[in-house]
Amino acid sequence: MPSRLLLSVRIPSPAKLNGLRCIRFMASDTGKKLMQIDVSSDTVCPWCFVGKKNLEKAMEQSKDKFDFEVRWHPFFLNPDAPKEGIRKSDFYKMKFGPAQFERATSRMTEIFRGLGLEYDMSGLTGNTMDSHRLITLAGHQGYDKQNALVEELFQSYFCQGKYIGDKQVLLDAARKVGIEGAEELLEDPSRGVDEVITGLTYPFCCQKVQEELNKHSSGISGVPHFVINGKYQLSGGQPPSTFMRAFEMAAKDGA
């Protein structure tokens, strides 16, 4: 995976982002300040899993001050990746070269172990559209469910060597966290998320994913990318302290 952009960080002055101007600071039902966090991510990006884990550490350490709502949005690192899949090792050796592949694998193995995870480079990689269709569907059933699904998919792909494009892998993850309509969605690649939600016929199978992509990810070139309360942006697998600093800035700006 590219690393320079993914390790960069931007916490700009409170200039509002296009399409997010109306998002303002809000108080939650508990009276704590609410941090709404939009995450652009791809399910085959290891830094996205690292970023998720570090974000969750920051949230845990800040839970006495803030409540959180995390929402996941699609990004395609390799939009032309084959549906049938290709061995991870073969794909990344072709993309980066054998030497860089070995260095990157060694580095990610170390980083994952630091998070209490085992980095598994066995199995296949490939097209991630169906995983994003499923994540988008989950978002309509609650962001807690969506977040749990993202965790299951990351665990399956990065720690268990499972293929993210395998229908059964996706269904198993969906069933584990209680996503309704997953089989109906995945059994037909031409079926759209709205068709499952409303029963209406949708002419474009991936329209909802494309809408999410256009709204949240069209202006970025790498993931993970985080937007906090519509203003503060961070990119990459940032340490928990960086997220916590951004929470404080967002809270002060909305006070």
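Buried, as I use the word, means under 20% relative accessible area, exposed means over 50%, and partly exposed is in between, with a 1.4 Å probe and protein chains only. At 18% relative accessibility, Thr109 therefore counts as buried.

Some ground rules. This is a predicted model, in which local features need pLDDT of at least 70 and side-chain atom pairs count only at pLDDT 80 or more, while totals for chains, interfaces and linings use all residues. Residues are numbered from 1 along each chain as its sequence is written, and side-chain values use heavy atoms, with hydrogens and water left out.

Back to Thr109. It sits in helix 3, residues 98-114; helices are DSSP runs of H or I with at least four residues, strands are runs of E with at least two, and both are numbered from the N terminus. A polar atom of the Thr109 side chain lies 2.7 Å from the backbone oxygen of Thr105.

Next, strand 6, residues 225-228. His225 and Val227 point one way and Phe226 and Ile228 the other, and all are buried. Strand 6 runs antiparallel to strand 2, residues 33-41, with four bridges joining them; strands pair if DSSP finds at least two bridges between them. Ser40 stands opposite His225. Four bridges also join strand 6 to strand 7, residues 232-235, again antiparallel, and there Phe226 has Leu234 as its bridge partner. In the hairpin of strands 6 and 7, with three residues between the strands, Asn229 takes a positive phi near 50 degrees.

Now the salt bridges, meaning a side-chain nitrogen of Lys or Arg within 4 Å of a carboxyl oxygen of Asp or Glu. The whole structure has 14. In one of them, Asp38 meets Arg71 at 2.9 Å, N to O. That pair links distant parts of the chain, with Asp38 in strand 2 and Arg71 in strand 3, residues 66-74, 33 residues apart. Asp38 is buried, at a relative accessible area of 3%, and Arg71 is buried as well, at 13%.

Which residue forms a salt bridge with Lys231? Asp253 does, with the closest N and O atoms 2.5 Å apart. Lys231 lies in the loop between strand 6 and strand 7 and Asp253 in helix 10, so the pair ties together parts that are 22 residues apart in sequence. Lys231 is buried, with a relative accessible area of 7%, whereas Asp253, at 27% relative accessibility, counts as partly exposed.

Finally, a network of salt bridges links Lys52, Lys53, Glu56 and Glu151.

Note on methods: A polar contact is a pair of N or O atoms within 3.5 Å; within protein, one must be able to donate a hydrogen and the other to accept it, and residues adjacent in sequence count only if both atoms are side-chain atoms.
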